[in-house]
Amino acid sequence: MRSCTLWVSSLLLATLCAAGNAAEKRAITHEAMWTLPRVAAPVLSNDGSFAVFSVTQASYQAADTRADLWRIQTDGKSAPQQLTQHPSAESQPHISPDGRWLAFVAKRDGDEVAQIYLLDLQNAGEARRLTQVPT
């Protein structure tokens with residue numbers, strides 16, 4: 001399992017590096033380093049066919065920082081797929097044992113505190129809130 005996690009992390013890094021090499025070369029600035037997308041540790045599905053990870057796009061303004069969830073097939077044959085595109089930050093992804101559902105934590109519209117959301121990975125659609133915990 002550890003070698004698979006290492007392999008998925010290496011694949012993510014290679015994908016990000018390949019995207020970065022296509023851009024125009026220039027000196028690295030503080031702003032470039034600060035706003036560089038940050039990839040969190042991947043969460044592997046039970047069957048090992050895909051992984052889900054969070055990509056944080058930082059900003060100097062805390063309100064503009066966002067984190068979205070992405071999925072990548074571990075066979076390396078397809079590009080990563082963005083799963084969420086919400087202005088809030090999604091984190092702590094957990095994949096159901098059958099690989100159909102993705103639970104994650106987010107503080108979305110109307111939430112006073114972070115709640116647990118559920119996303120159907122087989123049918124396109126918006127995530128739905130599962131909890132309404134006040135603290």
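## The nonpolar cores

A nonpolar core is a set of buried Ala, Val, Leu, Ile, Met, Phe, Trp, Tyr and Cys residues joined through side-chain atoms within 4.5 Å. Buried here means a relative accessible area under 20%. The model described is a predicted one. Its largest nonpolar core consists of 12 residues: Phe50, Val52, Leu69, Leu83, Ile95, Leu102, Phe104, Ala106, Tyr117, Leu119, Leu121 and Ala127. Strand S3 (50-57), strand S7 (101-106) and strand S8 are the elements that contribute two or more residues to this core. The greatest contribution comes from S7, which gives 3 residues.

Apart from this core lies another, made up of 5 residues, among them Leu44, Phe53, Val55 and Ile72.

## Overall fold

The protein chain contains 2 helices and 9 strands. Along the sequence these elements follow the pattern α-α-β-β-β-β-β-β-β-β-β. Of the 135 residues in the chain, 32% are buried.

Among contacts between residues at least 6 apart in sequence, 24% join residues at least 24 apart. The accessible surface of the chain amounts to about 8900 Å², and carbon and sulfur atoms account for 55% of that surface.

## The second largest pocket

The second largest pocket has a volume of about 270 Å³. It is lined by 16 residues, of which Gln82, Leu83, Thr84, Leu119 and Gly125 are the closest to its centre. Strand S5 (81-82) and strand S8 (115-120) each provide at least two residues of the lining.

Beyond its neighbours within four places in sequence, Leu119 is in contact with Leu83, Thr84, Arg100, Trp101, Leu102, Phe104, Gly125, Glu126 and Ala127.

## Val55, a buried residue

Val55 is found in strand S3 and is one of the residues of the 5-residue core. Val55 counts as buried because its relative accessible area is 15%, below the 20% cut-off.

When neighbours within four places in sequence are set aside, the contacts of Val55 are Pro37, Arg38, Val39, Arg66, Ala67, Asp68 and Trp70. Val55 and Leu69 are 14 residues apart in sequence, and their C-alpha atoms are 6.4 Å apart in space.

## Residues with greater accessibility

Is Pro87 buried or exposed? With a relative accessible area of 57%, Pro87 is exposed. Pro87 lies in the loop between S5 and S6. Leaving aside neighbours within four places in sequence, Pro87 is in contact with Thr65 and Arg66. The C-alpha atoms of Pro87 and Ala67 are separated by 8.0 Å, although these residues are 20 apart along the chain.

Glu31 is located in helix H2 (residues 30-34). Its relative accessibility is 48%, so Glu31 counts as partly exposed. Between Glu31 and Ser59, which are 28 residues apart in sequence, the C-alpha to C-alpha distance is 8.8 Å.

## A backbone feature

Which residue has a positive phi although it is not a glycine? The residue is Gln92, with a phi of about 50°. Gln92 has its place in strand S6 (residues 90-95).

Terms used: Residues are numbered from 1 along each chain as its sequence is written. This is a predicted model: local features need pLDDT of at least 70, side-chain atom pairs count only at pLDDT 80 or more; totals for chains, interfaces and linings use all residues. Side-chain values use heavy atoms; hydrogens and water are left out. On a 1 Å grid over the protein atoms alone, a cavity is a set of points where a 1.4 Å probe fits but cannot get out, and a pocket is an open set with protein on both sides within 12 Å along at least five of seven lines; lining residues have an atom within 4 Å of a point. Grid points are joined across faces, edges and corners, and a volume is the space filled by probe spheres set on the points. Helices (H or I, at least four residues) and strands (E, at least two) are DSSP runs, numbered from the N terminus. Buried means under 20% relative accessible area, exposed over 50%, partly exposed in between (1.4 Å probe, protein chains only). Contact means heavy atoms within 4.5 Å. Accessible areas come from the Shrake-Rupley method with a 1.4 Å probe; for residues, only the protein chains shown count as cover.
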